[in-house]
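Work through these exercises with the sequence and the 3D view open. Try each task before you read its solution.

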Amino acid sequence: MTDQIKELIKAAKERAVKETDSEPEPALTSAVDWPVDCKVGLGLEGAVACETTIGYVNGSKGWLIYRGLDCFELSEFSTFEETSYLLIFGKLPTQKELDEFKAKLGKYRVLTQEEWDAVNALPLGKGHPMSDLRSAVSVLGLLDPTSEDTSVEAETEVAIKLIAKLPVITGIVARTRHGEKPLQANPDLSLAADLVRMMSGNEPTEEDARVMDVCLILHADHGMNASTFTSMVVNSSLSDMYSSIVAGIGSLKGPLHGGANEAVLKTLEEIGSPDNVDAWYKKAREQKRKVMGFGHRVYKAYDPRARVLHPLAELLSKRDPKIQSLYEIAVKLESAVISELGKEKKIFPNVDFYSGIVYAAMKIETEMFTPIFAVSRVAGWTARVLEYLKKNRIFRPRGIYVGPAREEYVPIDKRG
Ligand SMILES: CC(C)(COP(=O)(O)OP(=O)(O)OC[C@H]1O[C@@H](n2cnc3c(N)ncnc32)[C@H](O)[C@@H]1OP(=O)(O)O)[C@@H](O)C(=O)NCCC(=O)NCCS
């Protein structure tokens, strides 16, 4: 079964190479000579924040690379644990290093009684699960006596704790929302398999565990995206790792970022049937509505993560006619968007377009999609925070003041 997943990923990679062959190969890295001359657009488009060896996104070729390794190969052969090690420590681990890292993740995954009681005492389930997650990470920070130590060593240990603990909190959030009993971690399982178990209450199938592992690998890092940058900005004041990750979760929550996967599924449900796609799309364009799951600041080619997730969504959709219908709507919508906006504006599906179908096929509630994204992205957030911490300089861009220079102060009783 997992061989079939490998074959699907391999074929997705072959398509990616074929379709972007004519795009020029850019120089991968070059030493930065500060200050850098660059043209900055709104939303800091084009701005350069730092040098990094963690990950590289090439928008015209559709490349996503972690520490020199292609995301297609990582999703075919790696695991989320190994990929997290790669992001944090800068190289693939030896078997011994991986075993030790997994043992540590397993140890931290089991919440202490104090952590368990504190997280479960929160008023979870009243708002969005991302707000629950944000609050729970904050509480874990309160309980960690090392949290105020901002040395690279101490923050690295906190990074590992957070990678281990986010799946457990996500499981608690997923279950308490519906009055179900939360589950403690099982360190004998892979992080991906345990995440599925702690959310659903059932031992995952081999297929579900591997697909979740691939999803976590693909979402782990993605350049200087909003939530990563947010985490780095917070840590650059030498605040602390928990505050930085709490802020990253807050940023990821929005529908223009991680929240898009949730919005995609709602869109597909709103469309309702493949027969309604053309009319829905025409109306959306007339209303100048953005189609969720499409477009990207960096990718002007097909997002490689969507290339992998598309065939996995197709594979899993066969389990349930309702999901199959959502998949068929998605395929038709993709073709409508690409035939117009693909040509005009280089808008293609992004990572969020097919991930929702994959999760829905695993019977995961729509509101939990973005917390799963956070479970994965915490590896990238922490890796980049740690990298920046080693040569830290507080972030401090400028705003261009366009208001009046000097106004006269008018007493309140004289204001019109
Ligand atoms: C990802 C996103 C925020 C990137 O934003 P950005 O780099 O600021 O790009 P803009 O929003 O300025 O879009 C550039 C142009 O493409 C259009 N466009 C971008 N994404 C679009 C979408 N999903 N549907 C329709 N049109 C889109 C914009 O309307 C704009 O057109 P204009 O030049 O005629 O005004 C944006 O594409 C988006 O909102 N997508 C939908 C949400 C989503 O899927 N987010 C997940 C990202 S992984």
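**Exercise 1.** Which residues does histidine 310 touch, not counting residues up to four places away in sequence?

*Solution.* Step 1: find histidine 310 in helix α14, residues 304–317. Helices are DSSP runs of H or I with at least four residues, strands are runs of E with at least two, and both are numbered from the N terminus. Step 2: look for contacts, meaning heavy atoms within 4.5 Å. Histidine 310 touches Tyr302, Tyr327, Val331, Glu334 and Tyr354, leaving out residues up to four places away in sequence. Step 3: check the cover. Histidine 310 has a relative accessible area of 18%, so it counts as buried (buried is under 20%, exposed over 50%, partly exposed in between, with a 1.4 Å probe and protein chains only).

A note on the model before you go on. This is a predicted model, where local features need pLDDT of at least 70, side-chain atom pairs count only at pLDDT 80 or more, and totals for chains, interfaces and linings use all residues. Residues are numbered from 1 along each chain as its sequence is written, and side-chain values use heavy atoms, with hydrogens and water left out.

**Exercise 2.** Where is lysine 104 found, and with which residue does its side chain meet in a salt bridge?

*Solution.* Step 1: lysine 104 is found in helix α4, residues 95–109. Step 2: list its contacts. Lysine 104 touches Glu157 and Ile160, not counting residues up to four places away in sequence. The side chains of lysine 104 and glutamate 157 form one, at 3.0 Å from N to O. This pair links distant parts of the chain: helix α4 holds lysine 104, helix α7 holds glutamate 157, and they are 53 residues apart. Step 4: compare with isoleucine 160. Its C-alpha atom and that of lysine 104 are separated by 7.9 Å, though the residues are 56 apart along the chain. Step 5: check the cover. Lysine 104 is partly exposed at 28%, and glutamate 157 is partly exposed at 23%.

**Exercise 3.** Is threonine 156 buried or exposed?

*Solution.* Step 1: threonine 156 lies in helix α7, residues 152–176. Step 2: its relative accessible area is 14%, so threonine 156 is buried. Step 3: name its contacts. Not counting residues up to four places away in sequence, threonine 156 touches Ile88, Phe89 and Leu386.

**Exercise 4.** How many residues of helix α3 are buried?

*Solution.* Step 1: helix α3 spans residues 80–89, and nine of its ten residues are buried. Step 2: name some. Among them are Phe80, Tyr85, Leu86 and Ile88. Step 3: look just after α3. There, glycine 90 takes a positive phi of about 85 degrees.

**Exercise 5.** How many salt bridges does the structure hold?

*Solution.* Step 1: the count is 21. Step 2: take one of lysine 13. Its side chain meets that of glutamate 73 at 2.5 Å, N to O. Lysine 13 is in helix α1 and glutamate 73 in helix α2 (residues 71–77), 60 residues apart. Step 3: take arginine 177. This residue forms a salt bridge with glutamate 365, with the closest N and O atoms 2.9 Å apart. Arginine 177 lies in the loop between α7 and α8 and glutamate 365 in the loop between α16 and α17, so the pair ties together parts that are 188 residues apart in sequence. Step 4: look for shared partners. Salt bridges join Arg109, Asp194 and Arg197 into one network.

**Exercise 6.** Which peptide bond is cis, and what is the phi of leucine 44?

*Solution.* Step 1: recall the background. Most residues other than glycine have a negative phi, and most peptide bonds are trans. Step 2: go to tryptophan 34. The peptide bond from there to proline 35 is cis, with omega near -5 degrees. Proline 35 sits in the loop between α1 and β1. Step 3: find leucine 44 in the loop between α1 and β1. Leucine 44 has a positive phi of about 60 degrees, although it is not a glycine. Step 4: go on to arginine 67, in the loop between β2 and β3. Phi of arginine 67 is positive too, near 50 degrees.

Definitions and conventions
Salt bridge = Lys/Arg side-chain N within 4 Å of Asp/Glu carboxyl O.
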